[in-house]
Amino acid sequence: TVPINHATPNRNLCITKKEPIGPVGLIVPWNYPLMMLAWKMGAALAAGNTVVIKPANVTPLTALKWAELTAKAGFPPGAVSVLPGSGSRCGQAILDHPDIRKVGFTGSTGIGVTVMESCAKSNLKKCSLELGGKSPLIIFADCDMSSAVRNGMGSVFFNKGENCIAAGRLFVERSIHDEFVARAIEECKKDEDRRSPGPVHSTRATEPPQALPVAAKLRGPLCGGGSYTSIWW
């Protein structure tokens with residue numbers, strides 16, 4: 001209880017009551033199928049809510065296995081439900097359902113607009129959005145060059161670039177540009193296996209990396225590189 005007025009003889013109190021919001025719909029992407037699921041579901045369950053999770057249609061097995069394990073762990077029936085399928089059908093069903101009280105969504109900005117609009121039109125659901133971006137890594141002349149190169153390459157290659165905070169662009173101050181590029185190339189050559197893309201979630205996901213060198217050649221000479229099937233850098 002929190003007093004809202006200390007003046008005598010006012011005895012009014014403001015009471016805050018913590019209670020579950022109700023069924024929560026969670027829509028997660030394919031790049032971190034387990035981590036995203038755990039982050040969103042853990043908080044919702046800890047607050048006493050039931051959850052309906054819609055995994056990405058290309059990575060549904062993680063969520064289904066998770067649901068199996070929750071059942072084995074003794075979670076009550078209906079506490080965790082998984083709805084695999086396309087976003088336009090299964091995801092939209094969660095957004096439009098009148099019994100869902102809150103939605104958590106991680107994905108593209110464009111779909112985020114649709115999610116927020118659907119939440120408003122259905123039953124004014126509470127809505128939490130984590131949307132994609134294209135943030136650059138900015139490197140200034142007074143940097144620790146070794147650290148900047150190492151972190152610059154890590155920001156690009158980590159998790160094959162399938163990362164919502166991947167620095168797909170590097171902005172380097174002109175006075176250190178040439179040195180940075182030369183050292184970045186050498187860093188990539190140190191361990192070609194480590195710099196190769198590794199597995200991706202579908203054949204379609206191989207298309208953007210293969211298109212990047214082609215697009216780069218149209219803007220100027222490449223400082224290094226190869227095909228997607230041989231070497232990433």
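Because the model is predicted, local features need pLDDT of at least 70 and side-chain atom pairs count only at pLDDT 80 or more, while totals for chains, interfaces and linings use all residues. Residues are numbered from 1 along each chain as its sequence is written, and side-chain values use heavy atoms, with hydrogens and water left out.

The inside of the protein comes first. A nonpolar core here is a set of buried Ala, Val, Leu, Ile, Met, Phe, Trp, Tyr and Cys residues joined through side-chain atoms within 4.5 Å; buried means under 20% relative accessible area, exposed means over 50%, and partly exposed is in between (1.4 Å probe, protein chains only). The largest such core has 14 residues, and the members touching the most others are Val 24, Leu 26, Leu 37, Met 41, Val 51, Ile 53 and Val 80. Two or more residues come from each of strand E3 (24-27), helix H1 (33-46), strand E4 (51-54) and helix H2 (61-72), where helices (H or I, at least four residues) and strands (E, at least two) are DSSP runs numbered from the N terminus. H1 supplies the largest share, with 4 residues. Leaving aside residues up to four places away in sequence, Val 80 is in contact (heavy atoms within 4.5 Å) with Met 41, Leu 45, Val 51, Ala 67, Thr 70 and Phe 75.

Apart from this core lies another, of 11 residues, including Ile 139, Met 153, Phe 157 and Val 172. Ile 139 sits in strand E8 (residues 137-139) and is buried, at 4% relative accessible area. With residues up to four places away not counted, Ile 139 touches Ala 148, Phe 171, Val 172, Glu 173, Ile 176 and Phe 180.

Next comes a pair of helices. H3 (residues 87-96) and H4 (residues 109-122) pack with their axes 8 Å apart, at an angle of about 40°. The axes are lines fitted to C-alpha atoms, for helices over the stretch in contact, and angles run from 0 to 180 degrees between N-to-C directions. H3 is therefore oblique to H4; angles under 35 degrees count as roughly parallel, over 145 as roughly antiparallel, 65 to 115 as roughly perpendicular and the rest as oblique. From H3, Gln 92, Leu 95 and Asp 96 meet Thr 114, Val 115, Ser 118, Cys 119 and Ser 122 of H4.

In the loop between H4 and strand E7 (126-131) lies Leu 124. Most residues other than glycine have a negative phi, but phi of Leu 124 is positive, near 55°. Leu 124 is exposed, at 67% relative accessibility.

Finally, the structure holds 5 salt bridges, each a side-chain nitrogen of Lys or Arg within 4 Å of a carboxyl oxygen of Asp or Glu. One joins Glu 68 to Lys 65 at 3.2 Å, N to O; these two are 3 residues apart in helix H2, so about one helical turn separates them. Another links Glu 179 and Arg 183 at 3.4 Å, N to O. Being 4 residues apart in helix H6 (residues 177-190), Glu 179 and Arg 183 are also separated by about one helical turn. Glu 179 is partly exposed at 41% relative accessibility, as is Arg 183 at 32% relative accessible area. Shared partners join Lys 65, Glu 68 and Lys 72 into one salt-bridge network.
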